[in-house]
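Please examine the sequence and the three-dimensional structure shown below. The paragraphs after them lead through the structure step by step.

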Amino acid sequence: CIGGERIYYEEFVYFMLNKPAGVISATEDFVHETVLDLLEPADLVQEPHPVGRLDIDTEGLLILTNDGQLTHQLTSPKKEVDKEYYAIINGIVTTDDIIKFKEGLLLKDQEEEFKTLPAKLEILEVDEEAKTSEIRVTIHEGKFHQVKRMFEAVDKKVMYLKRERMHTLKLDENLPLGEYRRLTDEELTLLKA
């Protein structure tokens, strides 16, 4: 007790952040604002880190914790944890694209070449006039710029990308961009299951 007030020790902290564009998923950077810069000083005491990464221009769900075991459970490629994204695509997404995503796409760049795990692609809306599509895609790995590269592989371009879910945890619709909150006991129990 301090001054008659009981102090509780927490070994681990678990936060849900609605990451805005322009902020990087890192613990420190000398050029850009990081996701940790969005936290209150009191919430930095246990040195949380981002669970996985979102590109600088990608918005949405990011978990921050100091629980290394949970981080490994959610980011290890062997675990094949669902990561669900909403995106606006420049181009008309077709049934053929759905099939290609389901079969896995061969992605290449100067440094690596790999075939993605099967992904679930859902077409939400198509604007024939503007030649754009709104989609939801679920992947099970997290390679560098993966969703963007998958759409480039089918000759389309991601214009907006937002992560809405990771494993069982859905982004709180009432959480404004740039804001965060603690995970509830129920969310944490499901996430660890």
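**A guided reading of the fold**

K148 is buried, since its relative accessible area is 15%. Here buried stands for a relative accessible area under 20%, exposed for over 50%, and partly exposed for values in between, with a 1.4 Å probe and protein chains only. The model is a predicted one, in which local features need pLDDT of at least 70 and side-chain atom pairs count only at pLDDT 80 or more, whereas totals for chains, interfaces and linings use all residues. Residues are numbered from 1 along each chain as its sequence is written, and side-chain values use heavy atoms, with hydrogens and water left out.

The side chain of K148 meets that of D55 in a salt bridge, with 3.3 Å from N to O. A salt bridge is counted when a side-chain nitrogen of Lys or Arg lies within 4 Å of a carboxyl oxygen of Asp or Glu. The pair links distant parts of the chain: K148 belongs to helix 3 (residues 146-153), while D55 is in the loop between strand 2 and strand 3, 93 residues apart. D55 is buried as well, with a relative accessible area of 18%.

The C-alpha atoms fill a box of roughly 65 × 35 × 35 Å along the principal axes. Of the 193 residues in the protein chain, 44% are buried.

Which strands pair with strand 1? Two strands are said to pair if DSSP finds at least two bridges between them. Strand 1 pairs with strand 3 (residues 59-65) in the antiparallel sense over six bridges, and L17 stands opposite L62 there. Strand 1 is also joined to strand 11 (residues 180-182) by three bridges, again running antiparallel. On this side, L17 stands opposite Y180.

Strand 3 runs parallel to strand 9, with two bridges between them, and the partner of G60 is R163. Strand 4 and strand 9 run antiparallel and are joined by eight bridges; K83 stands opposite M166. Strand 9 and strand 10 are antiparallel too, with two bridges, and R165 stands opposite K170. The hairpin of strand 9 and strand 10 has two residues between the strands, and in it H167 takes a positive phi near 60°.

What holds charged side chains in pairs? Side chains of opposite charge can pair when their charged atoms come close. The count for this model comes to twelve salt bridges. One of them joins R165 and E84, at 3.4 Å from N to O. R165 lies in strand 9 (residues 157-166) and E84 in strand 4 (residues 83-90), so the pair ties together parts that are 81 residues apart in sequence. R165 is buried at 14% relative accessible area, and E84 is buried at 15%. Another salt bridge is formed by D172 and R181, whose closest N and O atoms are 2.9 Å apart. D172 counts as partly exposed at 22% relative accessibility, and R181 likewise at 21%. Salt bridges that share partners also join D82, E84, R136, E164 and R165 into one network.

Loops bring separate parts of the sequence together as well. P176 is in the loop between strand 10 (169-170) and strand 11, and is partly exposed, with a relative accessible area of 46%. P176 and N18 are 158 residues apart in sequence and 6.6 Å apart in space, C-alpha to C-alpha. P77, in the loop between helix 1 (68-75) and strand 4, counts as exposed at 63% relative accessibility. The C-alpha atoms of P77 and G142 are separated by 7.9 Å, although these residues are 65 residues apart along the chain.

Key: Helices (H or I, at least four residues) and strands (E, at least two) are DSSP runs, numbered from the N terminus.
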